[in-house]
Amino acid sequence: KGEILGHMSMLRFYQNTWLIQHLAAIMSRDHLKVGIEILNQIGAYAYDSHRLFSSHMDYLICYFRPENHFPNHFFGGVAKNINDPKACSVDRMAYFHYKSCKKYAALPASWQLIKSERGDFDELENSYEHQSGGLMLEALDLIPDAELADRHDLALEYAKNQMKRERRLYSLFCDGLIKAIFMLNISDFAVNMSDLTNCIHAVVLDPEGLPPATLTAAIRAVTQATGQREVPVLIFPLAYAQNNGMPVEKTYHLWAFHIYGQGQAYLKYVNRLLRYV
């Protein structure tokens, strides 16, 4: 009846992945149903659009905090209902703000932080399969690919629309062995609504062989590339940050959904929820 009850923003932020970035509904007796209905419509839109190559819509992703009841219940419920991490997965990450200051040391002499190469992502894939086995690498465009580290077409699309979206990939080595991979996303205010599109993702491949002080030193080096004094950081796996006493401010879950072949399962689950609210 002319009243806006809820809204959602979604953008293509990776090569073939759309990020559900913000979802809100007015607080009322029916606000739960409104939120589910919005996600129902988005699911229908994605299901109808993903077969079009121009949409680049193979995956949907969403970051949410587990203590937020609605997204945890909805996105977590979709993953449990599908029950296949190669179709829909949830990965846990630690979140904190890195603030540049003099107390953080440089990397030790035996450590190197360099631009990632293709072989590094083979190691990343092996490590991630052991730790999770989900969709994070595919959804974040971190699968082994000959052109992975040098994709510019999406950045150019953003630039055409007077927006900034850059990605840089770094690998951390010690004595020739890879220990972690860093993905630095740089975006401007028009794109960055929640600090999760202007941040560092740190994926630890060798939790036992990477001291937390060395990880922090590497984050410091990556941060210098942004020209900023404060940058949000997401660390996977969550257990690494927790076990090493790192300053975890929040926990985020990364929900990733492969639309092809699972769109109907998503819509059936949502329609079932709508019947009970």
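Helix α2 passes helix α8 in a right-handed crossing, a crossing being right-handed if the near helix is turned clockwise from the far one by less than a right angle and left-handed if anticlockwise. The axes of α2 (residues 69-82) and α8 (residues 263-275) come within 10 Å and cross at roughly 125°, where axes are lines fitted to C-alpha atoms, for helices over the stretch in contact, and angles run from 0 to 180 degrees between N-to-C directions. That makes α2 oblique to α8, since angles under 35 degrees count as roughly parallel, over 145 as roughly antiparallel, 65 to 115 as roughly perpendicular and the rest as oblique. On the α2 side H73, F74, G77, V78, N81 and I82 meet A265, Y266, Y269, V270, R272 and L273 of α8, contact meaning heavy atoms within 4.5 Å.

The model is predicted, and local features need pLDDT of at least 70, side-chain atom pairs count only at pLDDT 80 or more, and totals for chains, interfaces and linings use all residues. Residues are numbered from 1 along each chain as its sequence is written, and side-chain values use heavy atoms, with hydrogens and water left out. Helices (H or I, at least four residues) and strands (E, at least two) are DSSP runs, numbered from the N terminus.

An open sheet is formed by 10 strands in the order β1-β2-β3-β10-β4-β9-β8-β7-β6-β5, with mixed pairing; two strands pair if DSSP finds at least two bridges between them. Because β1 (6-14) and β5 (111-115) stand at the edges with a single partner strand each, one side of each is left without a neighbour in the sheet. Direction ignored, neighbouring strands of this sheet are turned by 25° against each other on average.

Within the sheet, strand β8 (residues 200-204) has 5 of its 5 residues buried, so β8 is largely enclosed by the rest of the structure; buried means under 20% relative accessible area, exposed over 50%, and partly exposed in between (1.4 Å probe, protein chains only). I200, A202 and V204 point one way from β8, while H201 and V203 point the other way, and all are buried. Strand β7 (residues 177-187) pairs with β8 in the antiparallel sense over 5 bridges, with A180 opposite V204. Strand β9 (residues 230-236) runs parallel to β8 and is joined to it by 4 bridges, and here I200 stands opposite V233. Together with helix α6 (residues 212-224), β8 and β9 make a right-handed β-α-β unit, meaning that, with the strands pointing away from the viewer, the path from the first strand over the helix to the second runs clockwise. Elsewhere, strands β3 (residues 59-64) and β10 (residues 250-258) pair in the antiparallel sense over 6 bridges, and Y63 stands opposite L254 in β10.

| Residue | Relative accessible area | Class |
|---|---|---|
| D91 | 4% | buried |
| N40 | 14% | buried |
| M163 | 28% | partly exposed |

D91 is found in strand β4 (residues 88-99) and, leaving aside neighbours within four places in sequence, is in contact with Y128, S132, M136, F236, Y252, H253 and L254. N40 lies in helix α1 (residues 31-49), and under that same exclusion of neighbours within four places N40 is in contact with L267, V270, N271 and L274. M163 has its place in the loop between α5 (153-160) and β6 (165-174) and touches Y158, D188, A190 and V191, not counting residues up to four places away in sequence.
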